[in-house]
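Work through the exercises below with the structure open. Try each task before reading its solution.

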Amino acid sequence: MRIWFSFIVFIISAPSVAYADNLPRYDLAVSFDVAASKISGVSKITITKGRELYFRRGPLDIRYIKINDQHVEFEQRQDIFGLTPDHDGVMEIGFEGTFHSSQGRQRHDGIAANTIDSEGISLTGLWFPILEGLSYYSLKASLPEGYEAISEAEEITRVLRDNTVEFQFKFPHPLDSINFIASQRYTIVRDRYKDVEILAYFFKEDMKLAETYIEYTKKYLALYEGLLNSFPYKRFSIIENFLPTGYSMPTFTLLGSSIVRLPFIVETSLGHEILHQWFGNHVYIDYDSGNWAEGLTTYLSDHFYQVQQGKGWEYRKQILIDYGNYVTPEDDFPLREFTGRMNHSTRAIGYGKVAMLFHMLKVAVGDKVFFQALNDFIAAQRYRNASWDDIRNSFQKYYDNNLQGFFTQWLDSTGLPQLTFENFVLIQTGRTFTLSFDVNQDEKVFAITIPVSIYMSDETIQKSITVTRKKQSFDFELPGKPSKIVFDENYDVARILSRDEMPHVIAALSGELQVVVLPEKNSDRYDGVIQEFQDKGARIMHAADITNEDLKNHALIILGHDNPVIGRLYGNVPPENAGFSIRILENPWNRDKVTGIISGESREEIDAAFYKVSHYGKYSTLLFNQGKNIAKEIEETNRGVTMELYREPYAINLAKIETLTNVIDGVSKSKIVYVGEMHDVFAHHAVQLDIIAGLHRKNSNIAIGMEMFQRPYQDTLDRYTDGSMDEKEFLKRSEYFERWGFDYNLYKPILDFAKAEKIPVIALNMDREIIRKVSKNGIDALEQEERALIPEGMDFTDREYRERLHEVFKHHANNEEKEFDNFYTSQLIWDETMSLSIDEFLQDNPDYQIVVIAGTGHLQYGSGIPKRTFRRNGHNYSIVLIDTDAEKGIADYVVYPKPVEGITTPKLMVFLKEVEDKGLSISGFPENSVSEEAGLDIGDLILFVDDVEVTGIDDIRIHLLYKRKGDVVKVRILRSEEDSEQEFVFDVTL
Ligand SMILES: [Zn+2]
């Protein structure tokens with residue numbers, strides 16, 4: 001490699017150019033007053049009689065216009081000026097322009113189109129009177145000595161004369177505009193690939209990068225000359241720019257200093273810009289019929305480099321994730337309307353969806369035809385504004401099936417196919433299996449071919465299905481039993497991804513209005529973040545004002561890792577170890593919404609990092625320290641639409657079966673031992689007591705936590721177990737029969753044991769009134785003081801638990817979704833309160849082990865109480881269930897006891913209702929009622945049972961607890977007959 005310093009003059013002799021077509025010739029001569037940021041120029045354009053010319057003036061001053069040396073009158077203020085010559089000749093325009101660095105920085109992408117200042121000259125916008133349409137350009141530029149300059153050119157002449165350097169650029173093909181870059185700071189490195197001269201114009205401080213860029217350029221030229229026609233030009237330059245550009249122009253690429261210094265640019269963007277030499281800079285784009293070049297270039301560069309590393313499917317999946325996150329139906333448009341990228345959404349369409357179109361085309365026609373057709377397209381359309389129809393024509397030449405439908409489907413309508421797969425049926429017929437299923441499309445129906453992978457025990461079978469209608473059924477004959485089926489595993493089809501394929505990422509926060517939840521403290525350090533979301537129309541709210549309905553219906557931005565709203569949704573989310581963090585989670589109430597938790601240690605940390613976040617749209621979690629990204633992560637999701645077809649059932653080896661003694665040994669080291677129950681089965685309570693007694697023998701520091709008692713009654717429980725209150729009073733004061741209601745004989749042996757051994761019994765449950773209120777009207781219906789009783793942390797994210805509760809709900813209530821939400825919330829308040837009670841007890845009594853007895857539903861799979869307690873304190877635990885299916889993961893042990901007879905409390909066998917100011921009145925009798933037989937009647941008010949005055953049902957139930965079947969009780973009643981009331985006493989044999 002030779003290095004040419006900027007003072008060396010090189011001259012290339014110019015061959016004469018044959019202008020075959022009738023396009024204008026545009027000779028431009030410019031000079032600069034850099035100190036004044038000024039350009040002066042003269043344009044000379046050949047004109048043809050009757051051929052209309054339109055110029056764009058932009059911010060330029062037009063000094064004069066001459067036609068064939070005659071001055072012409074013109075209106076200075078018009079932005080576009082045009083003329084129709086009445087004879088052939090030459091038009092001359094004298095112009096001036098001033099481009100300070102500040103005034104150019106007004107384009108949507110924040111890059112100045114035109115700047116002339118001491119740093120350099122970068123003219124990529126409207127810097128001379130641009131003639132609409134294609135012309136043959138030549139440019140002459142005069143600059144002070146020391147400058148190097150570049151423009152579109154096959155040949156560059158450079159002459160130094162009287163402290164002025166004069167450049168002549170010649171490009172022998174038509175162009176619609178030219179660009180001009182110059183600087184005093186360039187050093188030029190030259191090399192060669194075959195007969196293409198490669199030049200790197202880098203600033204001195206970045207000179208060390210030039211060699212790498214040239215090596216990669218050679219690699220890309222070799223790659224693309226292998227796939228496509230040979231490189232179109234004699235020279236190619238890599239130009240470092242002082243502005244942050246990333247452009248490709250015919251014969252050069254223009255990369256900003258901040259960009260060339262990024263280490264991955266040579267691996268990605270450089271190849272992309274070089275490929276644009278073919279697509280965009282050799283074959284031009286007919287923007288009126290849609291920009292095909294970005295998608296095609298992306299497909300054969302950025303995408304192709306991932307294919308080379310075996311990651312093509314990941315790249316395509318990312319395209320579809322971006323489409324799903326950034327494109328809303330309102331801002332979607334057909335591909336024929338794409339001109340250029342304005343934002344994430346237009347990029348997802350014009351780059352992403354177009355790249356997918358070319359991928360589907362390549363899959364359909366095969367690699368050979370694909371590249372034959374592209375080469376034909378390049379040869380036929382070079383130096384012309386090519387359209388989608390030109391692409392289709394080239395493909396049609398080499399492919400027999402009609403492609404009209406394919407192009408129309410993808411180019412002329414918006415959206416992507418949305419597919420659902422359902423009704424899977426697997427039937428064995430002899431040695432083979434038949435798998436049938438249905439495929440549905442959304443309202444918009446596409447014709448697409450979907451690859452299908454069928455996983456068997458020893459192989460994977462590849463098939464494909466072609467869908468053309470809204471609903472279609474398919475059958476596959478299979479040689480064995482499949483375990484799962486995956487549709488479009490490699491993302492070969494442009495489609496809306498299924499929910500299980502979409503990760504929850506930062507991009508999902510864009511495009512929809514959010515609620516921003518202010519932190520309880522240090523709110524001011526988030527000022528920049530709040531402002532940003534407010535500008536986008538977000539609602540800013542204090543945590544205390546947010547209702548559950550708000551939480552369900554919005555994408556949420558939660559500020560501060562200690563924000564109480566986090567607890568209301570996720571229980572808790574541990575803080576990240578970073579100066580600034582953002583984490584995206586699914587909204588547990590609404591699978592279509594996400595929550596973003598943003599947390600920063602100081603205003604400086606937040607301000608240094610937050611503005612960068614939108615560049616990391618594909619990530620789920622980002623961590624920054626002092627503005628530097630230190631970690632990034634994407635949530636893992638399914639690959640393809642995955643359906644499990646068959647899973648081997650679990651089995652238990654009965655040779656290894658154990659006894660309850662083994663179970664007690666097995667759980668004895670657990671801090672918390674959960675033992676489930678069906679509430680009304682004596683055998684279950686007998687097992688519970690055996691476990692309690694067994695553990696108590698090993699460790700006397702043991703407590704019992706009970707679902708059956710509610711927190712406000714802890715005192716009553718304590719006084720009973722320490723012997724200062726008798727059983728009757730305990731049952732009355734704890735409102736056991738009102739609040740729990742099951743026969744006390746079921747639990748009596750456990751409580752008797754606790755009392756005898758002075759074992760603390762912990763009331764775990766929430767007040768029944770609150771549970772009822774929430775279950776009926778939702779959490780928002782609670783009063784302030786009721787709300788204060790609800791645990792701060794509640795984790796709603798366990799979807800499987802939610803589904804199990806939904807099954808329960810469907811069978812005992814009407815299944816309106818809103819009401820289920822309330823039911824679900826009430827169940828979780830129940831679970832979270834119990835786990836809170838356990839945690840509080842263990843905090844106060846760290847030396848204790850606790851046995852928790854609760855209904856099976858609160859314990860299975862750990863979903864109800866165990867995992868929630870673990871979230872709070874991390875203590876190890878074991879789950880023992882009784883008489884339940886031995887599913888994997890449902891518990892640590894399942895116990896199958898023999899039935900046990902227990903003492904059943906006898907009943908009066910009357911239906912009772914409360915009569916205001918009077919007492920309990922008989923409203924009916926069940927069949928074979930002992931009370932009816934004894935002479936009691938409907939309407940009788942029960943006054944006493946034996947010597948117990950009856951003020952509530954529990955008076956009767958407590959009294960009868962000590963009776964046995966066959967005992968006789970005296971029931972005193974008040975009976976109204978006509979005008980008189982009379983008391984009677986009946987002997988009822990229980
Ligand atoms: Zn591009």
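**Exercise 1. Find the strand that holds Asn765, decide whether Asn765 is buried or exposed, and list its partners.**

Step 1. Asn765 sits in strand S40, residues 761-765. Helices (H or I, at least four residues) and strands (E, at least two) are DSSP runs, numbered from the N terminus.

Step 2. This is a predicted model, in which local features need pLDDT of at least 70 and side-chain atom pairs count only at pLDDT 80 or more, while totals for chains, interfaces and linings use all residues. Residues are numbered from 1 along each chain as its sequence is written, and side-chain values use heavy atoms, with hydrogens and water left out.

Step 3. Asn765 has 4% relative accessibility, so it counts as buried. Buried means under 20% relative accessible area, exposed over 50%, and partly exposed in between (1.4 Å probe, protein chains only).

Step 4. Look at the polar partners. The Asn765 side chain reaches the backbone oxygen of Glu707 at 3.0 Å. It also makes a polar contact with the side chain of Trp830, at 3.2 Å. A polar contact is a pair of N or O atoms within 3.5 Å; within protein, one must be able to donate a hydrogen and the other to accept it, and residues adjacent in sequence count only if both atoms are side-chain atoms.

Step 5. Leave out residues up to four places away in sequence. Asn765 then touches Met706, Glu707, Phe709, Gln710, Arg711, Trp830, Thr833 and Met834. Contact means heavy atoms within 4.5 Å.

**Exercise 2. Which residues coordinate the zinc ion, and how are they spaced?**

Step 1. The donors are His272 (NE2), His276 (NE2) and Glu294 (OE), at 2.0 to 2.1 Å. Donors are N, O and S atoms within 2.8 Å of the metal (3.2 Å for Na, K and Ca); water is not among the atoms, so sites may look incomplete.

Step 2. Along the sequence, the donor residues follow the spacing H-x3-H-x17-E.

Step 3. Check the two histidines. His272 is buried, with a relative accessible area of 8%. His276 has 7% relative accessibility and counts as buried.

**Exercise 3. Describe how helix H12 packs with helix H15.**

Step 1. Two packed helices are described by the angle between their axes and the distance between the axes.

Step 2. H12 (residues 527-535) and H15 (residues 603-610) pack at an angle of about 40 degrees, with their axes 8 Å apart. Axes are lines fitted to C-alpha atoms, for helices over the stretch in contact, and angles run from 0 to 180 degrees between N-to-C directions.

Step 3. H12 and H15 are therefore oblique to each other. Angles under 35 degrees count as roughly parallel, over 145 as roughly antiparallel, 65 to 115 as roughly perpendicular and the rest as oblique.

Step 4. Asp527, Val529, Glu532 and Phe533 of H12 meet Arg603, Ile606 and Phe610 of H15. These contact residues comprise four nonpolar, no polar and three charged. Ala, Val, Leu, Ile, Met, Phe, Trp, Tyr, Cys and Pro count as nonpolar, Asp, Glu, Lys and Arg as charged, and the others, Gly among them, as polar.

**Exercise 4. Repeat the analysis for helices H8 and H9.**

Step 1. H8 (residues 344-365) and H9 (residues 367-381) pack at about 120 degrees, with their axes 6 Å apart.

Step 2. That angle makes H8 oblique to H9.

Step 3. H8 contributes Phe358, Leu361, Lys362 and Val365, and H9 contributes Asp367, Val369, Phe370 and Phe371.

Step 4. The residues of this contact divide into six nonpolar, no polar and two charged.
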